[in-house]
Amino acid sequence: MDSTGDAAAEPLLEVRGLSKIFGTLKACDSIDLEIRRGEIHALLGENGAGKSTLVKMLFGALEPTAGTIRWKGQEVAIRSPGEARRLGIGMVFQHFSLFDALTAAENIILSLDDPAPVSAVAARARELSRAYGLPLDPQAHVGDLSVGERQRIEIIRCLLQDPELIILDEPTSVLTPQEADKLFDTLETLRSEGRSILYISHRLEEVKRLCDRATVLRGGRVVGHSDPRRETAASLARMMVGGDVPVVVRDKPAATREALLEVRGLNRKAGHPFAVSLSEIELTVHAGEILGVAGVAGNGQGELFEAISGEALQESADTVRICGHAAGRHDITGRRLMGAAFVPEERLGHAAAPFMTLTQNLLLSRYRTDARAFLGRLGIIRNAVVASAAKRVSTAMDVRKGSEDPEATALSGGNLQKFVIGRELDRQPRVLVVNQPTWGVDAGAAARIRQALVDLAKGGSAVLVISQDLDELFEICDAIAVMHGGRLSTPVPIAEATYEKIGLLMGGARPEATSGLPLEETV
Amino acid sequence: MFEDILITIATAATPLLLAAIGELVTERSGVLNLGVEGMMIMGAVTGFAVAVTTGSPWLGVLAAILVGAAFSLLFGFLTLTLVTNQVATGLSLTLLGLGLSGMIGESFVGRAGVKLAAIRIPYLSDIPYIGRLIFGQDPLFYVSILLTAGVVWFLFRTRAGLTLRSVGDNHASAHALGIRVITIRYLAVMFGGACAGLAGAYLSLVYVPQWVENMTAGRGWIALALVVFASWRPWRLLVGAYLFGAVSIGQLHTQALGVGIPSQFLSSLPYLATIVVLVLISRNRRLTMMNTPASLGQPFVPDR
Ligand SMILES: Nc1ncnc2c1ncn2[C@@H]1O[C@H](COP(=O)(O)OP(=O)(O)OP(=O)(O)O)[C@@H](O)[C@H]1O
Ligand SMILES: [Mg+2]
């Protein structure tokens, strides 16, 4: 942040009047932005405000409808990500751009311009991963990794290119607090090296802690600049939303002790070399109760979710009981028919089919449970009924979208999340199991989703929330259990739970232990 | 005798291998070209016509490769640039090839062909039992083996091969990284076409140096099945091609000997085997995930 001479004083990147129009929707509306050398610049805004669209234009992944971009004082047209990289712009995407069938090292090589051999890149990646505290096994196949582990690959891949401007689109939404801390150290090191960082995040506390300046977007327009250090998280949130952010209201838990979801002695062998095996999982969720499952990524949460949702069947029918029915041998549809609903971690591609419309996605998960409403005689789909259900969900969850019934992939991340959760809530399920309910969701929408979960429980349903976000679990749960190494602790009632206690339970789980193979394993 | 059988099997397997290795590369890039049969027959007729007219079998081979590639370029233009449905376009390419080749080849029916001479390495090809098998075959046999090895090296050892696999795995991610998805797919499709053309030339210049209408006789389809059978791995493809080659030779022999197995059953064996393999590999999710090009057959329109 030296200011010697004109060159250093002029901004690294200067954006004037940048717009992007999708059909009739102005995703970005003549945006001005200035990024100085050696600063961490926050880009804030609600879900759908246009943050990802803006940075995709800066990275050459989208073509601006209008506006100019100046890089080091020169006007440039960034037509492809390759050109952006050559200029010195690196990016970590919000929805990962990784290849499942390839190894971590291969994924990294693909984004490098110089044709270095696999072994050299793997070595450099390993070096960087150690230096920046982002453990990574270069030989692991990406398809086998958890979301958090995948993101590490993206970050390392970006750092390897030695960029002057690093764009991070919600990098911490899937990282554990420890991992995030390490990332912040990394970012601070990078800043001290004179690099600039454009940082998108919904976690306002970390923005306050890390960022030098902030630009706030609302509805595709810049609505303000601020110095995050002088603001509070609440004042930043107000600026984003343009009003007050709702607070989750939680009444005393209802008094019934009717067990709606029971898991008894669940064991599951790891399906592939990088999966975690589950051993002797026991849990009970009663009517009116919200049970939280905390834990560092990659400790078996995904496997647990699959086992409960019926994506993986159990050997004995009694291992999983839903509303008193033995569900262990039933598949996901069978379990839905017993009254359960499931929201997996990955919203695009798992919870929703990317290239199908919201209405079609709604029908896909509910055509059996709501057969009477959605299907007419001979199983003909009643399109109008399904469409009105989708509309009801969108209204209830305040899903912002560009058109009446867009494809799932056209929604911003947070809005899609609101939709997939709303789609299941709309059924009023007796049991709801959700994995990472507010990953990448803005403060307002997160409060809305949490409130919906609380309300569902209040209505007498059992809710199981798997989340890495401890604040979230403390906010809504009646008890918190911790997952570590494929085992689940006994739940700690919320009255007795403290961050220290839960942190201790998560404790043995060093992030290094999660990638399955030791880092020393070479090419 | 034994060596003769092996050589016959190699002759039956080589055109399958040539066509299939090209299709494997095409499919690894995420494009499903069902027009192999059509490109093959176009290669067969052009190869024959050019060889007979010029008297040079090598010119025939070259022409077949070019025509195969040109024919696949038509497929590429339709499916990649105009984003038509790959399955439908591939099928029509086959029909077009079969019809067009019949027309072109009309005046060549019954004419004596030119045979691509087998290689003879003195002394080595006289080694008993294996000499002719290893050192005394037609040049395209060696080409097919080298091509397989080359494809293995290319796909799994070079950066370009990695890029091609990445496009087949996830074209949206590849695009986001700045990889030119469409260009790479064009190249992969044309490689597939060139190989199919070469396979056709093998039929009309080596296998039976003659032009007969529909002389590919479903080999293009077997090649397609082979790619799946091999679960998109080149060495398995080689094994599969020889297996299928052996089955088809065995079929001829059993028919000649009058064994009571219906010939239709024997000719359906390659397809049955493919189904069995498909069932087996789909049981192993990990294997499927690692080898099947995830974006196979899916249209790609870049997000702009
Ligand atoms: N390819 C597309 N086609 C049509 N509309 C799109 C497309 N991509 C984004 N949009 C729309 O543009 C708007 C801005 O989306 P964008 O992804 O930039 O939001 P965001 O600020 O990144 O939100 P989030 O915090 O949820 O990630 C949204 O309303 C979205 O629906
Ligand atoms: Mg976004």
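Analyst: The ligand site comes first. Of the 20 residues around ligand 1, those that come nearest are A:N47, A:G48, A:S52, A:T53 and A:A410, where a residue is near if one of its heavy atoms lies within 4 Å. Ligand 1 itself lies between chains A and B. This is a predicted model, in which local features need pLDDT of at least 70 and side-chain atom pairs count only at pLDDT 80 or more, while totals for chains, interfaces and linings use all residues. Residues are numbered from 1 along each chain as its sequence is written, chains are lettered from A and ligands numbered from 1 in the order written, and side-chain values use heavy atoms, leaving out hydrogens and water.

User: Which side chains have an N or O atom listed with a distance to an oxygen atom of ligand 1?

Analyst: A polar contact with the ligand is a pair of N or O atoms within 3.5 Å. An oxygen atom of ligand 1 lies 2.5 Å from a side-chain N or O atom of A:T53, 2.7 Å from one of A:N47 and 3.3 Å from one of A:E170. Taken alone, ligand 1 exposes 640 Å², of which the protein buries 87%; accessible areas come from the Shrake-Rupley method with a 1.4 Å probe.

User: Which element gives the most residues to the shell around ligand 1?

Analyst: Helices (H or I, at least four residues) and strands (E, at least two) are DSSP runs, numbered from the N terminus. Helix 2 of chain A gives the most, with 3 residues. By class, the shell has 6 nonpolar, 10 polar and 4 charged residues; Asp, Glu, Lys and Arg count as charged, and Gly is among the polar ones.

User: How much area do chain A and chain B bury between them?

Analyst: The size of an interface is often given as the accessible area lost when the parts come together. Here chains A and B bury about 2100 Å² between them, 59% of it on carbon and sulfur atoms, the value being summed over both parts. A:F99, A:A101 and A:L110 supply 27% of the area that chain A buries against chain B, more than any other three residues. In terms of contact (heavy atoms within 4.5 Å), 33 residues of chain A meet 19 residues of chain B.

User: Which residues form the salt bridge between the chains?

Analyst: Side chains of opposite charge can pair when their charged atoms come close. A salt bridge requires a side-chain nitrogen of Lys or Arg within 4 Å of a carboxyl oxygen of Asp or Glu. The count between chain A and chain B is 1: B:R165 pairs with A:E106, their closest N and O atoms being 3.2 Å apart. Over all chains, the count comes to 31 salt bridges. B:R165 lies in helix 7 (residues 159–169) of chain B and A:E106 in helix 4 of chain A, so this pair joins two chains.

Notes
Buried area = accessible area lost by both parts, 1.4 Å probe. Polar contact = N/O pair within 3.5 Å; in protein donor to acceptor, adjacent residues only side chain to side chain.
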